[in-house]
Amino acid sequence: MSAAAPSVAALRADAEGLAAPLPALMADAQHLAQTVMLGSHGRRRSGMGDEFWQYRPAVPGDEARLIDWRRSGRSDAHFLREKEWQAAQSVLLWVDNSASMDFASDKALPTKAARARTLALALAILLIRGGERVGLSGFSLPPRAGEVQLIRLAEALCVAQDVPDYGAPEARGMLPRSRAVFVSDFLGDIGPVTAALTKAADRGVRGALCMILDPQEEAFPFDGRTIFESMGGSLTHETLKAGDLRDRYLARLAERKAALADLCRTTGWQVHCHHTGEAAAAALLWLYGALEHDH
Amino acid sequence: MFTIGALGFTAPWLLLGLAALPILWLLLRAVPPAPIRRRFPGVALLLGLTDDEHQTDKTPWWLLLLRTLAIAALILGFAGPVLNPQVREPGTGPLLVLFDGTWADARDWQRRIDRAGGALDEAGRDGRPVAVVALTDLPVEGPAFRAADAAAADLPGLTPRPWVPEAAEVATWAQTLDGGFDTIWLSDGLEHPWRADLLSALEDRGAVRVFQSPRPIYALRPAAFEDGAIALTLVRAETGAPAELILTAHGRDPNGVERVLAQMPLAFAPGAETAETALSLPPELRNRVTRFEVEGVRSAGAVSLTDDALKRREVALMAGADNREGLRLLSPTHYLSQALDPVADLIDGSLSDILLANPDVLILADVATLSDASAAAVAEWIEAGGLLVRFAGPRLAASDLSRAEEDPLMPVRLRAGGRTVGGAMSWGEPKSLRAFSDTSPFYGLAIPDDVTVSAQVMAQPDPVLADRTIAALSDGTPLVTRKRVGQGQVVLFHVTANAEWSSLPLSGLFVSMLERLAISTRPSRPEAADLAGTIWTPDAVLDGFGAVQEAGNLPGVAGEDLAEARPGPETPPGLYAGEDRRLAVNVADADTVLTPATWPARVPVEGMTVAQETPLKGAILTATLILLALDVLASLWIAGRLSGPRAGAAAAVLMAALVVAPQAGAQDRDPAVEDFALAATTEVVLGHVVTGDAELDRIAAAGLKGISETLYARTSIEPAAPIAVDLETDELAFFPFLYWPITPDQPRPSDEAYAKLNTYLRTGGMILFDTRDADVAGFGASSPEGRKLQELARPLDIPPLEPVPSDHVLTRTFYLLQDFPGRHQSRDVWVEAAPPDAERVEGMPFRNLNDNVTPVVIGGNDWAAAWAVDDAGNRLFPVGRGYAGERQREIALRFGVNLIMHVLTGNYKSDQVHVPALLDRLGQ
């Protein structure tokens with residue numbers, strides 16, 4: 001992500017474009033979970049908030065000032081007007097910006113990094129529109145609400161810096177009981193991922209892993225004598241007959257996915273594998289779901 | 001040149017390179033394919049995986065084979081392979097190319113010419129002088145050796161002749177040979193008596209090589225009439241495999257059209273020399289057959305012309321009432337029937353029935369009286385070419401027929417009673433016949449001694465009697481008299497048709513006389529004696545290919561020569577016409593046998609095939625390239641580069657390497673020209689010629705617009721908006737009608753434009769020339785416009801003109817008009833002149849004038865101005881004054897309507913005026 005750092009404006013535009021066709025979280029009320037901690041979505045229960053929830057017949061003990069006279073005037077009984085309980089929550093994002101993410105097998109496909117940033121920012125847009133507070137994990141950008149935060153997020157995501165071949169999730173600075181989203185290819189060592197998730201789970205942070213893979217990484221369509229190199233060049237592997245490796249590679253990939261799924265199951269997270277060849281909206285929808293549903 | 005079979009190499013040493021292929025094989029095996037470096041994030045998952053096998057280390061065998069093949073093809077290609085390399089004609093010095101040139105050559109004449117051409121080319125390259133000789137067309141001297149290209153110029157002029165040269169001629173010519181030369185002999189494949197002698201004469205001069213086609217040779221013997229059917233016999237030279245052929249009988253159908261009248265299959269049994277078939281046709285059809293052909297064989301030998309031998313004449317016999325029933329030998333017609341039955345078709349019946357059958361000959365034996373109606377019918381039939389033969393007899397002698405006046409059905413007047421000589425009651429000996437004079441059709445016939453005449457009817461002495469006598473007795477009294485009537489003739493035998501009055505019917509002379517009179521059908525081949533003293537002129541002759549040609553002015557042939565003629569330069573095969581019959585001379589006669597030529601073993605005999613020399617270098621190098629391209633593909637596939645990130649690049653390289661598809665030369669279509677063509681042809685469009693004078697062109701366009709609107713409103717012609725036509729650039733063929741206003745200063749069209757205009761006029765276009773000066777000038781050169789028109793029209797293909805006659809079709813194509821005014825009212829409007837022989841038919845209001853649309857109409861009435869309307873439909877120019885002016889404009893418009901109608905419907909209205917007459921004639 002060093003050479004072709006996308007401009008902030010372009011990233012913002014991409015993300016807006018992706019977010020635009022999706023309904024705001026508010027409109028998707030039936031999906032809201034009752035219990036948990038997410039942002040300004042209604043909690044499907046009465047409480048403090050701005051939005052009307054329901055009229056309820058007055059019972060003894062209700063204060064007379066709470067009675068909604070306009071409603072009560074249309075019938076013989078007294079009614080109270082209840083508001084929906086609303087609360088904001090913090091969501092922390094971690095987007096892998098390592099070299100391995102900067103890969104696209106085809107010119108027509110975005111790099112994994114680009115897809116990851118777009119997804120993350122789109123999610124942030126939707127969350128912030130929903131009133132949540134969004135930030136990056138670690139200490140660089142703590143969660144805040146408001147449109148300005150989107151700009152800061154986009155800037156932070158586009159920062160070009162020296163990066164390792166494979167990234168490790170940043171689990172520091174997480175607020176207890178907040179939510180987190182890790183976007184990466186998770187092709188590197190799985191140790192840091194385990195550590196980060198365990199640490200997050202310890203703090204009561206739940207969230208989602210979004211594994212982004214290139215179609216070629218999923219298919220391994222190689223044959224013949226080949227020298228494979230990692231994006232940074234730190235790892236190389238030579239084979240005389242790449243086609244023979246396909247099955248074993250795919251087995252290892254499946255193993256990696258299974259390990260991630262296992263990890264998530266133990267920590268209460270969710271995992272999703274997204275391919276850059278697919279529509280980003282599907283992944284975004286899944287991320288909504290992952291953040292909305294309480295498990 | 002090094003050759004293997006039909007394959008030769010121009011650079012055979014390069015083939016040694018093939019020995020290096022095994023080394024290449026080893027080298028290729030030793031080198032594994034180069035690795036490909038790929039960036040791949042998933043490498044982290046690959047770490048530690050090892051390859052199962054090391055096969056890809058070495059190139060797979062099939063790729064090796066592919067590459068080895070490619071290299072082998074490369075070596076082969078550069079070694080210059082040639083398929084069927086031309087063998088050089090051996091030898092030096094002069095070369096004689098000798099054709100037999102007989103009818104048997106015709107079956108593959110072109111291949112012979114090609115073969116000879118090849119030999120001449122070769123000789124030309126070697127600088128050998130060449131002589132080309134055909135034995136059927138021998139030069140007076142020996143062969144004249146010339147440069148090969150000069151001799152090659154003669155080749156197309158050589159044709160096979162429909163005869164075989166005479167041995168004597170060939171021997172004479174062989175003696176004129178001198179000097180040394182090699183010979184290429186293009187033999188016709190048949191054994192001829194002169195063949196061996198000529199061969200030895202040629203071998204004395206140098207090497208002889210013989211070329212001979214293996215195609216079978218057929219000859220069709222003349223058709224013979226046997227047992228009521230036409231027997232056809234086909235002979236062939238090679239008695240090998242069975243063969244199936246089809247014979248066709250050609251002739252004219254009743255409409256006079258030459259067509260195939262019958263077809264019959266013919267099969268040669270294996271080993272059989274001849275094949276026979278019989279064709280049974282109705283007499284009417286059989287008499288129409290003019291020749292038989294073997295279908296698909298192009299040679300004079302495969303054509304057999306038929307002459308009168310095949311035609312069976314239809315002879316009607318009538319006798320006076322037969323009152324002596326049972327005495328057959330005394331029957332008046334017995335001897336006639338006996339003589340004619342084998343050679344003619346006899347018809348019996350009443351006279352009216354007989355005449356309906358239209359026989360060739362009508363024989364009345366001792367019939368004295370015919371009813372008036374019958375006599376008239378017979379006379380008519382004679383006029384039309386019938387031959388009436390009458391025999392005398394007691395009845396005729398007793399009647400008053402042709403006594404005082406010559407009867408139309410009798411050649412002479414008769415004296416009463418006749419005479420009897422040498423009988424029991426008379427003096428004198430029975431008379432014998434006098435030799436036939438040379439004007440008699442019987443001239444040349446030998447008269448047997450035993451023919452005597454004892455009774456006859458006597459002719460009245462008459463000035464014409466001598467001319468009409470064609471046979472006489474020794475004392476000079478006429479025995480046979482003849483009178484020509486119209487196209488037919490009347491012949492009277494002054495004796496009976498039975499042996500009562502003379503012994504003539506008992507003799508062979510009687511049959512010969514009937515033959516000479518063309519009563520009976522001739523034997524197929526007359527003897528020389530039969531034809532003595534006759535001259536026969538060729539009617540149609542066969543060429544070597546068997547096509548029937550006009551005889552032209554070939555000289556006549558004496559009968560005795562013709563009777564024994566073999567086909568030759570003097571008597572080419574064909575149809576010869578004598579006085580009253582025709583005789584065919586055919587290539588094959590009734591005992592023609594074809595023997596294949598035999599050559600001594602020392603003479604090389606080759607087939608006629610000229611194998612085309614085909615250089616294979618290009619093809620093999622192309623194959624090499626394809627193999628190498630396949631190798632590229634295979635290598636890429638082996639290296640896994642056909643898939644994966646860089647496959648696109650590889651495919652692009654492949655495409656660039658393989659696709660050599662020549663760009664289909666898209667036709668240069670000028671869209672403007674196409675639009676013009678579409679605009680001019682999708683609807684009827686009137687055109688006006690662009691004169692260069694903007695105002696004039698505007699008026700012309702407006703005028704045509706006006707007349708188009710008028711047509712649209714009044715007629716079924718619905719023209720689109722008129723189009724300005726530039727003579728130089730635009731296609732004229734789209735326009736049925738061009739309006740060409742003349743200005744004194746308009747440019748003269750180019751020659752190309754004139755060519756287009758002439759084509760346009762010839763193919764039915766019409767141009768209306770308008771000098772627009774009728775108000776000030778009469779028609780002619782009296783105005784600048786008139787002079788300009790003359791100048792412009794001079795190169796045009798314009799027929800003679802005349803002022804519009806009052807019955808011209810232009811006066812009635814839609815409106816009935818007599819004036820053709822525009823803005824001016826001159827009556828000088830000129831159109832194509834009527835043909836000078838156009839006559840007004842009685843009762844017709846109009847002459848039947850020229851059949852075409854007049855290509856030009858020339859006048860000066862400024863019609864466009866009278867027709868012109870602006871966009872709103874208002875008239876642009878005033879015509880005349882007041883009501884009369886409007887009337888004039890109306891007439892002008894009507895003239896326009898008539899004119900366009902004339903252009904589009906031609907002389908339809910001219911035809912229509914005949915309808916009442918036609919209906920009248922049909923009786924309705």
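Helices (H or I, at least four residues) and strands (E, at least two) are DSSP runs, numbered from the N terminus. The structure is a predicted model, in which local features need pLDDT of at least 70 and side-chain atom pairs count only at pLDDT 80 or more, while totals for chains, interfaces and linings use all residues. Residues are numbered from 1 along each chain as its sequence is written, and chains are lettered from A and ligands numbered from 1 in the order in which they are written.

Phe220(A) sits in the loop that runs between α6 (215–219) and β7 of chain A. A residue is called buried here if 20 or more other C-beta atoms lie within 10 Å of its own, exposed if 12 or fewer, and partly exposed in between, with C-beta atoms placed from the backbone. Phe220(A) has 21 C-beta neighbours inside 10 Å and therefore counts as buried. Contact is defined by C-beta atoms, placed from the backbone, that lie within 7 Å of each other. Once neighbours within four places in sequence are left aside, the contacts of Phe220(A) are Arg246(A), Tyr249(A) and Leu250(A). Leu245(A) is 25 residues from Phe220(A) in sequence, and their C-alpha atoms are 8.7 Å apart in space.

Chain A also holds an open sheet of 5 strands, in the order β4-β3-β5-β6-β9, with parallel pairing. Two strands count as paired if DSSP finds at least two bridges between them. Strands β4 (133–136) and β9 (270–275) of chain A stand at the edges with a single partner strand each, so one side of each has no neighbour in the sheet. From one strand to the next, the twist averages 20°. At one end of the order, β3(A) and β4(A) are parallel and share 4 bridges, and Leu93(A) is placed opposite Leu136(A) in β4(A). Both faces of β4(A) are covered, with Arg133(A) and Gly135(A) buried on one side and Val134(A) and Leu136(A) buried on the other. At the other end, β6 (residues 206–213) of chain A runs parallel to β9(A) and is joined to that strand by 6 bridges. Ala208(A) has Gln270(A) as its bridge partner in β9(A). Helix α3 (residues 112–129) of chain A packs on this sheet, where α3 touches β3 (90–95), β4, β5 (179–184) and β6 of chain A, and its direction makes about 170° with that of β3(A). For such angles, axes are lines fitted to C-alpha atoms, for helices over the stretch in contact, and the values run from 0 to 180 degrees between N-to-C directions.

The two chains meet through 34 residues of chain A and 27 residues of chain B. On the chain B side, β3 (36–39) and α2 (43–46) each supply at least two residues. That side of chain B divides into 15 nonpolar, 6 polar and 6 charged residues; Ala, Val, Leu, Ile, Met, Phe, Trp, Tyr, Cys and Pro count as nonpolar, Asp, Glu, Lys and Arg as charged, and the others, Gly among them, as polar. Strand pairing also crosses between the chains, as β7 (residues 226–229) of chain A pairs with β3(B) in the parallel sense over 4 bridges. Within β3(B), Arg39(B) is the bridge partner of Glu229(A).

Chain B has 924 residues, of which 38% are buried, and contains 26 helices and 41 strands. One of its sheets is open, with 7 strands in the order β18-β17-β19-β20-β27-β26-β25 and mixed pairing. Its edge strands, β18 (344–347) and β25 of chain B, each pair on one side only. Strand β17 (residues 313–319) of chain B runs parallel to β18(B), with 4 bridges between them, and Val315(B) has Leu346(B) as its bridge partner in β18(B).

Leu473(B) lies in the loop between β25 (469–472) and β26 (478–485) of chain B. This leucine, Leu473(B), counts as buried because 20 C-beta neighbours fall inside 10 Å. Not counting residues up to four places away in sequence, Leu473(B) touches Lys431(B), Leu433(B), Arg434(B), Val453(B) and Leu479(B).
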